[in-house]
Amino acid sequence: MALFWSDKNDLLIEATTQIRTLLCGENKRMKESFKVCFCCVRSFKVKTSEPPQEIKTLFEDYSGDGRMSVDEMLRFVIQVQGEKHADSNYVKDIFHRLKHHGVFHPRGIHLEGFYRYLLSDFNSPLPPSGEVWQDMNQPLSHYFLYTGHNSYLTGNQLNSRSSTGPIVKALRSGVRVIELDLWPNSSGTEAEVRHGGTLTSTEDLQKCLNAVKENAFAVSEYPVVLTLEDHLPPDLQKKVAKMVSKTFGGTLFRCTDEYKERFPSPEALKNKILISTKPPKEYLQTQVSQSATTDESVKAKKVADAEELIQEEDEETVAIEYRDLISIHAGNRKGGLKNCLNGDPNRVIRLSMSEQWLETLAKNRGSDLVKFTQRNILRIFPKTTRFDSSNYDPLVGWIHGAQMVAFNMQSHGRFLWMMQGMFKANGGCGYVKKPDVLLSNGLGGESFDPSSKSLQIKTVLKVKIYNGEGWNLDFPQDYFDRYSPPDFYAKIGIAGIPLDTTSYRTETDTDEWFPVWDKEFEFPLRVPELALLYITVKDYDSNTQNDFAGQTCLPLSEIRPGIRAVRLHDRAGEVLKHARLLVRFVLEPR
């Protein structure tokens, strides 16, 4: 090993990088032992993380004399990574960051330094700036909003504790729509927050409002919508109106006539809190539900009369102070499934429906849903039988234009990962602009139909998963298998319109903490603007359930091409400190 520099620091750096490079080149393997019983030990030779052959070849192609200079790295960043904006200062910043890895030298980086750059946090598949880049001057109905359901609950829907904690956590995670259920307390003198008809505890309304006020704009300056599902008589509505006005003061947005036919924009509503609700009508609804008669014609007439009375009740019994707070009016599902999407040409509203209603309408009236959501806001909520606070497939709502797909944020699972993945877009501000396909109509006036079989392929996404590392640092030695290293495999898929939705999996790399898959997958896409890419890593077990080892979900519209470090998250969506994948993304127009 020849060393020619006189500076001691340079000598040390060069020696370190050369040794690391030699170790990688020899595929150095380390020994790991697992104790089976008091007298028996199983030993395994497991490899360290090393650059895949394709990465070594790229390094050779873009470097000279075993080192990559600033100019050579710039050429790689532009040609392979597709970062056309890059200049020498951009590359120098990369080199500066690599100093912390001990793999940098003033004359350039070696293979190990190049590999560390590819696996670094600053080589993310998503834009690193976190800036809001979409047009935020369109009506609210043109955006998907990060939406919570029963935002005060800490657990299940039956007997969990109500608290301000979940509200704070949601807002600080970027959620923009918070839901509170308001009921009279036992004495009927005050309003309180609770999940009615269950054994969940109550929470003080003022505390909930304070939590919203203090955390609304902690991570995003774009508006927060406070959805009040109220079950209050007019006298308590007046009290709530005073409480809301006093708490939020100048941050409370009050709607004017100019916004009756068109919602204001997120840009115009920066740092504002909006109230969305409809007046209570439980008594009349109970009358409807108790219309017990076997004569369907009589029953239909009673329901129709009751619905008319409900509409009158909305306008006449509501406290004026309370009504004046409402900036997003929640309408009734008048006319049931058949007529609920008719809309009013003179007024925009928010319509709420369960996931079951949505699924039913999506089967035969998909384009009607899309057309309705071009002007109005559609909120979807979980079916009432989800006692465990589980969630549903959010793509069913999104591909039909539903802006508020309400989720139980205290839950875990694949659908919540999709929700978190969607709202990584647009700087994580909680608002994602709907693609043009959902906002424009065809020549004949027809709206987009997500279930159409005639949609043409627009692009092909190629994803190559090279390898992964970091689990040995994030998990104990025996976390996945008591007597051997883990057997990792990756599942990768697209969630989007039905024709785009598909998934694949890699082979299982047995007994390896540093799995190598080197596998490419192709995804033909018809509506890439509505697609999410998800990757889940698991440890294969032949006799028991496969162990979860990390996941990520990325909005396809924001993925940067090139070779990227994809960080993995735990079940709750929190990023793991070390576990990550090396992945190459290529989008080919077709």
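**Exercise 1.** Find how strand 7 and strand 8 run relative to each other in this predicted model, parallel or antiparallel, and count the bridges that join them.

*Solution.* Start with strand 7, residues 224–230, and then look at strand 8, residues 273–277. The two run parallel, and 5 bridges join them. For a residue-level check, pick V225: across from it in strand 8 you'll find L274.

**Exercise 2.** Decide whether helix 16 is largely enclosed or open.

*Solution.* The cut-off you need is under 20% relative accessible area for "buried". Go through residues 414–422 with that in hand: 7 of the 9 are buried, so helix 16 is largely enclosed by the rest of the structure. Among the buried ones are L416, W417 and M418.

**Exercise 3.** Describe the surroundings of E261.

*Solution.* First, locate E261: it sits in the loop between helix 8 (234–248) and strand 8. Second, check its accessibility: at 48% relative accessible area, E261 is partly exposed. Third, list its contacts, skipping neighbours within four places in sequence: P345, N346, V348 and R375. Finally, compare sequence with space: E261 and R347 are 86 residues apart in sequence, yet their C-alpha atoms are 4.6 Å apart.

Notes. Residues are numbered from 1 along each chain as its sequence is written. This is a predicted model: local features need pLDDT of at least 70, side-chain atom pairs count only at pLDDT 80 or more; totals for chains, interfaces and linings use all residues. Side-chain values use heavy atoms; hydrogens and water are left out. Two strands pair if DSSP finds at least two bridges between them. Helices (H or I, at least four residues) and strands (E, at least two) are DSSP runs, numbered from the N terminus. Buried means under 20% relative accessible area, exposed over 50%, partly exposed in between (1.4 Å probe, protein chains only). Contact means heavy atoms within 4.5 Å.
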